[in-house]
Amino acid sequence: MNLIGRLQTVSDAYCDLRQLRREQVSYRIFADQRRLGLVFGGGSGLTVANYEKAMGWFSGNWPEEAEWPTDVERPAPAEQSIEAAE
């Protein structure tokens, strides 16, 4: 699985767990509700820095009671989670 596939797997699982739309999560990570949809649809690329930012965000905001997707290595959580500020 490539990096975008890993990110999509984690994103889809998170959206299902939190009952959120992809656009809502995309806004929380990038302040752009279309970003994840464009990346997953092939209409836009993603820098390594933004990939790491997104994966760190997911790791830091992952529900404690939920299992991280087993086919994706979990990174260290981001230093500051965006949801904590809300």
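# A tour of the helix packing and the core

Begin by selecting helix 2 and helix 4 in this predicted model: the two pack at an angle of about 110 degrees, with their axes 10 Å apart. Because angles of 65 to 115 degrees count as roughly perpendicular, helix 2 is roughly perpendicular to helix 4. Viewed along the line joining the two axes, helix 2 passes helix 4 in a right-handed crossing.

Next, display the side chains at this contact. Helix 2 contributes Val25, Arg28, Ile29 and Phe30, and helix 4 contributes Asn50, Lys53, Ala54, Trp57 and Phe58. Coloured by class, the contact of helix 2 with helix 4 shows six nonpolar, one polar and two charged residues.

The crossing of helix 1 and helix 4 is left-handed.

For the side chains of this second contact, select Leu3, Arg6, Leu7, Val10, Ser11, Tyr14 and Arg18 on helix 1, together with Tyr51, Ala54, Met55, Trp57, Phe58 and Asn61 on helix 4. By class, the contact of helix 1 with helix 4 comprises nine nonpolar, two polar and two charged residues.

Now turn to the largest nonpolar core, which has 20 residues; the members touching the most other members are Leu7, Val25, Ile29 and Phe58. At least two residues of this core come from each of helix 1 (3-18), helix 2 (22-30), helix 3 (35-40) and helix 4 (48-61). Helix 4 gives the most, with five residues.

Centre the view on Leu7. Which residues is Leu7 in contact with, leaving aside its neighbours within four places in sequence? They are Leu36, Phe40, Leu46, Tyr51, Ala54, Met55 and Phe58.

Finish in the loops. Select Gln19, in the loop between helix 1 and helix 2. Its phi is near 55 degrees, a positive value in a residue other than glycine. Is Gln19 buried or exposed? Gln19 has 73% relative accessibility and so counts as exposed, the cut-off being over 50%.

Then move to Ala31, in the loop between helix 2 and helix 3. Ala31 also is not a glycine, and has a positive phi of about 60 degrees. With a relative accessibility of 55%, Ala31 counts as exposed.

Notes: Residues are numbered from 1 along each chain as its sequence is written. This is a predicted model: local features need pLDDT of at least 70, side-chain atom pairs count only at pLDDT 80 or more; totals for chains, interfaces and linings use all residues. Side-chain values use heavy atoms; hydrogens and water are left out. A nonpolar core is a set of buried Ala, Val, Leu, Ile, Met, Phe, Trp, Tyr and Cys residues joined through side-chain atoms within 4.5 Å. Buried means under 20% relative accessible area, exposed over 50%, partly exposed in between (1.4 Å probe, protein chains only). Helices (H or I, at least four residues) and strands (E, at least two) are DSSP runs, numbered from the N terminus. Contact means heavy atoms within 4.5 Å. Axes are lines fitted to C-alpha atoms, for helices over the stretch in contact, and angles run from 0 to 180 degrees between N-to-C directions. Angles under 35 degrees count as roughly parallel, over 145 as roughly antiparallel, 65 to 115 as roughly perpendicular and the rest as oblique. A crossing is left-handed if the near helix is turned anticlockwise from the far one by less than a right angle, and right-handed if clockwise. Ala, Val, Leu, Ile, Met, Phe, Trp, Tyr, Cys and Pro count as nonpolar, Asp, Glu, Lys and Arg as charged, and the others, Gly among them, as polar.
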